[in-house]
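Hi,

Here is the model I promised to pass on.

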Amino acid sequence: MQAAAHMHSKGYIHGDIKPLNAVRIDGRMIFIDLDATAKIGVDTVGFKSSSAYVPPEAIFVDFVLGIAVVRSQKHREQSGLVYELVLAHPSFDVWSLGCVFYQLCSGVSLFKEVQDDNLSSDVNDPDSLWELAKWSDEVKTRKLSTIADPQARNLVSQMLMKDPAQRPSVERVLGHPFLTGRAVTRMVGEEAEFDVFLSYRAASDSSHVERLYNLLTASGLKVWWDKKCLKPGENWKEGFCGGLVNSRTFVCLLSRGAINHPSIAWQNFGNLKEDSRCDNVLLEHRLALELKGLGLVEKVMGMYL
Amino acid sequence: MFVAKDRDDLDALGDPRPVAIKLMRIEAQFQREIDARGQGFDSTFVMPILRTYQPKGGAPPSAFDGVDMLSKEEAESFYALVMPMADRNLFVAIKQERFAGVDMHQVKLLLSYLHTHGD
């Protein structure tokens, strides 16, 4: 993982990560075979990659012609077919690492290769390039069910997202609870405990938020409101963060009074300066946006009174 | 990949140091391996190249998969990369050490901590 992170930090991907291309030397795993290395955002990939370890977007399929191949400049020129090539991106390596990780956690390879880490192009083979190109949720769920450890399964699931934009960076993989051993409130893909997290300025909007809380809970939603959900003696920062991580929707409530407070300087927009103190609503809003980027929070909504 | 002893590089006991030699037929692939090392990768993460050799002539054997040993002439008909000898690759480790799917602690070590905590 660190070797991939190192190459990505230098602006390159390895392009052919697989068990044969990671060797142990002096107790460390390092990469060999750099002839598929590609510059991120500049070079195209696929010309030397082993198809059992490439992501679905690297496969070109044509149902009419009955062709399933790894996209590459060389194949495109030789075949005369017209299709888009894949630009080098760290998500390509993350998929390959996900395949290796799957193998390490389950004891079997994600797809059964026919030869030299390459998949069959036989449309009737359940481990063929056709299956990889489809990579349905059903197939993914079935394959991941062989991983017993739930945290490991969660991490592999993220690394093997069909959409490359949804795969985590290697840095984020290294920060996953499975590898760090950190306690975790909720992992990506797990159901949230609360539907709504309420963020507000207590000095001005407590009565508004109480009314909103009552309306939302009366309609059957589970709502995180500090007055009800923060446990006695609980560290309030951890409580707020835990509540937000465990919510599907972030609602930030701001009244006219909250932005024009007569005596609290940082809650009066007319007085805001670059070095003004940051208050809880802004911090929670920022955290909510980060969690939305991770796929934990689904919606970030503002409510202005 | 072939294993050899480098008579020009002796260890502390005066024995030739073991090295791995990657033989290649295609010049472009050989050049890509060399060019990739020019990007400033740290040898802590990427296998360095100790020496390179151009073919000295003669046609390389048409197939050498599964071949245990090559003559000097055969070996010199390839492009060659000489690299430090590794213990084993991950493929072999999975097959022989049998931790995959069994020992998650070992898996975690392999994935995250190995380079900082040692083996």
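In which sense do strand β2 and strand β4 of chain B pair, and over how many bridges? Keep in mind as you look that this is a predicted model. The answer is antiparallel, over 6 bridges, with β2(B) covering residues 16–24 and β4(B) covering residues 79–84. One place to check this is B:M24, whose bridge partner in β4(B) is B:Y79.

That pair belongs to an open sheet of 4 strands in chain B, ordered β1-β2-β4-β3 with antiparallel pairing. The edges are taken by β1 (2–10) and β3 (51–53) of chain B, each of which pairs on one side only. From one strand to the next, the twist averages 35 degrees. Helix α1 of chain B (residues 27–37) packs on this sheet and touches β2, β3 and β4 of chain B. The direction of that helix makes about 30 degrees with that of β4(B).

A few words on chain B as a whole. It has 4 helices and 5 strands, and along the sequence they follow the pattern β-β-α-β-α-β-β-α-α. Of its 119 residues, 18% count as buried. Among the chain B contacts with a separation of 6 or more, 52% are between residues 24 or more positions apart.

I also picked out one residue of β2(B), namely B:P18. Is B:P18 buried, exposed or partly exposed? B:P18 counts as partly exposed, because there are 14 C-beta neighbours inside 10 Å, whereas a buried residue needs 20 or more and an exposed one has 12 or fewer. Setting aside residues up to four places away in sequence, B:P18 touches B:V3, B:K5 and B:M85. B:I49 is 31 residues from B:P18 in sequence, and their C-alpha atoms are 14 Å apart.

Now to where the two chains meet. The contact takes 32 residues from chain A and 35 residues from chain B. On the chain A side, α1 (2–9), β2 (22–25), β3 (28–31) and α3 (90–106) each supply at least two residues. Of the elements there, α3(A) gives the most, with 5 residues. By class, the side of chain A that touches chain B has 20 nonpolar, 7 polar and 5 charged residues.

Which strands make it up, and in what order? It is an open sheet of 3 strands, β3(A)-β2(A)-β5(B), with antiparallel pairing. β3 of chain A and β5 of chain B stand at the edges with a single partner strand each, so one side of each has no neighbour in the sheet.

Next, the packing. The largest nonpolar core has 66 residues, and the members that touch the most others are A:F31, A:L97, A:F101, A:C105, A:V156 and A:M159. α3(A) makes the largest contribution to this core, with 10 residues. Take A:F101: beyond its neighbours within four places in sequence, this residue is in contact with A:V156, A:M159 and B:L111. Another core lies apart from that one, with 21 residues that include A:F197, A:L198, A:V251 and A:L254.

For chain A, the domain assignment gives domain 1 (2–180) and domain 2 (194–304). Taken over C-alpha atoms, the centres of these two domains of chain A are 40 Å apart.

One is a hairpin of β5(A) and β6(A), with 4 residues between the strands. These strands, residues 59–62 and 67–70 of chain A, pair in the antiparallel sense over 4 bridges, and A:D62 has A:I67 as its bridge partner. In the turn, A:G66 has a positive phi of about 70 degrees.

The other is helix α11 of chain A (residues 236–245), where A:F240, A:G243, A:L244 and A:V245 are buried. What covers these buried residues? The elements include β7 (194–199), β8 (223–224), α10 (226–229), β9 (247–254) and α13 (280–294) of chain A.

Cheers

Note on methods: Residues numbered from 1 in each chain as written. Chains lettered and ligands numbered in written order. Predicted model: local features only at pLDDT ≥ 70, side-chain atom pairs only at ≥ 80, totals over all residues. Contact = placed C-beta atoms within 7 Å. Nonpolar A, V, L, I, M, F, W, Y, C, P; charged D, E, K, R; others polar. Domains from an automatic or database assignment. Pairing = 2+ DSSP bridges. Axes fitted to C-alpha atoms, helices over the stretch in contact; angles between N-to-C directions. Core = buried A, V, L, I, M, F, W, Y, C linked by C-beta atoms within 7 Å.
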